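Hi,

Here is the structure I said I would send over. Have a look at it first, and my notes follow below.

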Amino acid sequence: MNILFIASEVESFAKTGGLADVAKSLPLALKRRGHDVRIVMPYYAAIPNREKAGHIGGFTLPTRPGHTDIPYQVREMTLDDVPVVLIEFPNYFDRASLYAENNNAYPDNGERFAFFSGACLQVAEKIGFRPDIVHCNDWHTALVPMLLKTRYANHSFFQSTRSVLTIHNGAFQGVFERNQLWALPEITDTYNEAIMQGHAYINFLKCGVLYADKINAVSPSYASELMTYLGGHGMAKNFQERSSDVRGIINGCDYADWDPKTDPLIPVNYDVQHLDDKVLCKHALQKRAGLPISDLPMFGMVCRLTEQKGLNLLLPILDKFLVHQLQVVIVGTGEPALQDRLTELMKAYPDRLAYLNAHDNALAHLVEAGSDFFLMPSLFEPCGLNQMYSLAYGTLPIIRAVGGLRDTVVDYDTQPRRATGFSFQEPEPLALLSTLRRALLFFLQEPCEYRRVQEQAMRTRYLWSDSVREYELMYQEALGVSNRR
């Protein structure tokens with residue numbers, strides 16, 4: 001198949017979160033399966049070595065009468081052997097960040113990504129790449145399926161093209177005043193309640209969910225949660241109406257970057273046969289975090305400091321947990337109030353809690369390698385990657401059983417023989433505290449059993465070579481070619 005993979009960020013070029021990891025790994029996995037894949041993304045100022053990009057040409061995106069058409073350039077780089085097509089328009093993409101600065105979203109994000117959506121399809125035609133599948137990702141590209149069914153509905157070049165929309169995080173929907181979408185009159189002139197948020201606003205994600213041929217979420221549990229009023233982020237009805245076309249496919253993990261046996265970012269490499277060396281990583285983490293060097297149980301956490309990641313469950317009980325003989329290291333940036341609270345607690349428990357206000361990949365690797373447990377008490381988690389990294393590093397995840405966390409971590413109390421971590425259900429601080437304490441007791445009182453579960457976790461793998469086959473099947477269903485791999 002010819003696959004046009006459209007994303008607002010791609011690991012190795014520009015990244016703010018897990019979307020970028022998928023937008024790198026999935027196209028590479030599809031290429032290895034023999035498909036012709038092109039990635040399209042914005043030509044951000046932050047792209048490393050972007051001056052080395054080749055120049056494909058200059059084009060103009062037509063807009064509505066009375067507005068100026070938009071001239072732009074197209075450049076190209078490669079990701080291994082996958083071409084990466086870069087849409088260049090400095091007014092929109094030559095900025096300090098991708099979507100926001102100082103926790104404030106760019107006010108013209110709707111205008112920026114409406115233009116990007118229109119340019120992506122135009123560029124495919126201009127370069128002669130006729131896609132069987134256009135694979136879109138999250139709200140930034142969710143207008144593309146609608147354009148295929150409106151602007152390009154009778155266009156011979158796209159006559160056989162079908163669209164797929166992946167939901168990486170349905171909480172972010174891209175809601176903008178319709179006047180920001182002036183470059184796409186097919187959308188601004190539509191008054192359809194299924195895509196609107198009030199009279200004056202268009203919801204990008206609703207456009208994608210309404211018009212995409214197939215929709216997928218990045219884990220089976222998250223796909224189910226999107227169709228519930230509790231987990232649907234206000235769009236449960238939209239997903240319910242498309243339920244027959246919704247699929248849940250768990251993300252793979254890039255073990256080339258996350259393997260304690262070969263990881264160049266940790267002080268001592270180890271594997272399942274040499275787990276005793278892991279304690280040296282703990283000592284290095286303690287030194288880096290400014291904690292006393294000891295063999296106390298270590299609980300690590302690396303995340304954006306937001307309510308979604310469960311900080312509102314952790315902070316009310318963290319002081320109660322820190323009375324025990326243990327250490328906690330938390331790394332992350334985010335909401336100032338959460339940062340301030342962690343700083344206060346660190347001052348109260350300087351030998352047991354370290355909070356590092358940082359977004360640091362090397363430090364994230366050290367936390368994974370140096371911790372005995374990894375905290376992910378998320379309110380919702382579409383897929384999650386850190387729990388997969390933690391399993392690989394023999395660092396047992398402590399999760400709330402939602403989304404991809406529930407699909408990838410087996411709780412010790414419910415299934416001890418298959419267990420790879422600990423989980424709890426209720427989004428309540430005391431439920432988290434109880435789970436933290438049973439993990440602590442398990443570590444202290446059952447060291448042999450802890451080692452067995454550690455080894456079981458390290459042998460667990462979530463591979464893109466498995467996930468990619470599920471994507472192929474979904475593409476074939478979209479094209480009307482079922483039951484063939």
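To start with a detail: at the start of H6, which backbone nitrogen does a side-chain oxygen of Asn203 reach? It is that of Leu205, and the oxygen comes to within 3.0 Å of it. Keep in mind that this is a predicted model.

Helix H6 itself covers residues 204-211, and seven of its eight residues are buried, so the rest of the structure largely encloses it. The buried ones are Phe204, Leu205, Lys206, Cys207, Gly208, Val209 and Tyr211.

Now for the whole protein. I count 17 helices and 19 strands. Its radius of gyration is 23 Å, close to the 23 Å that the globule rule gives for 485 residues, so the protein is as compact as a globular protein of that length. The C-alpha atoms fill a box of roughly 70 × 45 × 45 Å along the principal axes. Of the 485 residues, 59% count as buried. Among contacts with a separation of 6 or more, 70% come from residues 24 or more positions apart.

On annotation, UniProt (an unreviewed entry) puts "domain: Starch synthase catalytic" at residues 2-239. That stretch is 28% helix and 26% strand, with its end C-alpha atoms 27 Å apart.

Tyr412 and Phe422 make a tilted pair, 6.1 Å centre to centre with 40° between the planes. Tyr412 lies in the loop between helix H14 (403-408) and strand E19 (422-424), while Phe422 is in E19, so the pair ties together parts ten residues apart in sequence. Tyr412 is buried at 14% relative accessible area, and Phe422 is buried too, at 1%.

Finally, two arginines sit over tyrosine rings. The charged end of Arg95 is 4.8 Å from the ring centre of Tyr106, and that of Arg461 is 4.3 Å from the ring centre of Tyr255.

Cheers

Notes:
Residues numbered from 1 in each chain as written. Predicted model: local features only at pLDDT ≥ 70, side-chain atom pairs only at ≥ 80, totals over all residues. Heavy atoms only, no water. Phe/Tyr/Trp six-rings, centres within 6.5 Å; stacked < 30°, edge-to-face > 60°. Helix = DSSP H or I, 4+ residues; strand = E, 2+ residues; numbered from the N terminus. Buried < 20%, exposed > 50% of the residue type's maximum accessible area, 1.4 Å probe, protein only. Lys NZ or Arg CZ within 6 Å of the ring centre and 35° of its normal. Polar contact = N/O pair within 3.5 Å; in protein donor to acceptor, adjacent residues only side chain to side chain. UniProt positions renumbered as here; feature names shortened; annotations may be inferred. Rg over C-alpha atoms; globule rule 2.2 N^0.38 Å. Contact = heavy atoms within 4.5 Å.
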